[in-house]
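Thanks for coming, everyone. Have a look at the screen.

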Amino acid sequence: MRYEDQRRLLVNELRAAGIADESVLRAFSRVPRELYVLPEYREYAYRNQPLPILLSQTISQPLMIAIMMEHLELKPDDIVLEVGTGSGYQAALLAEIVKEVCTVERLEPLSLDAQKVLRPQGYDNIYYRIGDGAQGWQKAYPPYKEFQKIIVTAAAAEIPVKLVDQLAEGGILVVPIGSGACQILTKLSKQDGRIITSTHGGCAFVPLVTDLEGRKA
Ligand code: SAH
């Protein structure tokens, strides 16, 4: 079956699973996932499952990405921080909807590979940084101090404080929290300077590796 047809089926599957945000569904119908998976996995690109990418990392499961994006309540004017560029697939989906995406990846080869795919796709609203995303967006262009939306696509042992600091008033942060194989999808909203937290079921992400842990190892 042609990739376009497979993509249409995936969007139907997401809709049937309860994804109702039309902007999210439209983004999935536009971004060719086959470009972001390893060549040997291309035939599985439209299965609703995570797939391996280089350096023992994964491209997330489409339904989980869609659920996280729905929780973010994305608006066209939003500036979004993504922690964990990985394959670049989620950055592309976000860039289809919002004004700008700032994406951080700690593994340089992954960031460079993602840039190689994303730039020819014409995404001039994505900015890249290589480093520890748990520290937020620092020493990077554009010099944003805060974001309307923040998405962490790796599992954090606890809520990353620096990211909460970089969340704008009225903003939303979505992050998997937990140190085991299964984590809890957690949503934080900043309202009148206060943080409101809610949990949204189980999920399974690769761990968020902070520089601090790297030094301990
Ligand atoms: N959004 C990605 C998912 C990639 S998996 C996609 O659509 O493909 C999570 C990624 O987070 C991995 O590439 C991993 O290297 C990265 N990561 C882990 N800890 C990190 C950290 N502290 N800062 C930035 N990236 C991190």
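Let's begin with Cys203, which is buried, with a relative accessible area of 4%. Keep in mind that we are looking at a predicted model. Cys102 is buried as well, and its relative accessible area is 0%.

For Cys203, the nearest cysteine sulfur belongs to Cys182 and sits 6.5 Å away. A disulfide needs the two sulfur atoms within 2.5 Å, and Cys203 is in no disulfide.

Now, on to the ligand. Which residues come nearest to it? There are 26 residues around the ligand, and the nearest are Ser87, Glu105, Asp132, Gly133 and Val209.

A polar backbone atom of Gly84 lies 3.0 Å from a ligand nitrogen, and one of Gln90 lies 3.2 Å from a ligand oxygen.

How much of the ligand does the protein bury? On its own the ligand exposes 580 Å², and 100% of that is buried by the protein.

As for where the shell comes from, the elements giving two or more residues to it are β2 (58-59), β3 (79-83), α4 (89-97) and β4 (100-105). Sorted by class, the shell has 11 nonpolar residues, 11 polar ones and 4 charged ones.

That's my tour, and I'm happy to go back to any part of it with you.

Technical notes
Residues are numbered from 1 along each chain as its sequence is written. This is a predicted model: local features need pLDDT of at least 70, side-chain atom pairs count only at pLDDT 80 or more; totals for chains, interfaces and linings use all residues. Side-chain values use heavy atoms; hydrogens and water are left out. Buried means under 20% relative accessible area, exposed over 50%, partly exposed in between (1.4 Å probe, protein chains only). A residue is near a molecule or strand if one of its heavy atoms lies within 4 Å of it. A polar contact is a pair of N or O atoms within 3.5 Å; within protein, one must be able to donate a hydrogen and the other to accept it, and residues adjacent in sequence count only if both atoms are side-chain atoms. Accessible areas come from the Shrake-Rupley method with a 1.4 Å probe; for residues, only the protein chains shown count as cover. Helices (H or I, at least four residues) and strands (E, at least two) are DSSP runs, numbered from the N terminus. Ala, Val, Leu, Ile, Met, Phe, Trp, Tyr, Cys and Pro count as nonpolar, Asp, Glu, Lys and Arg as charged, and the others, Gly among them, as polar.
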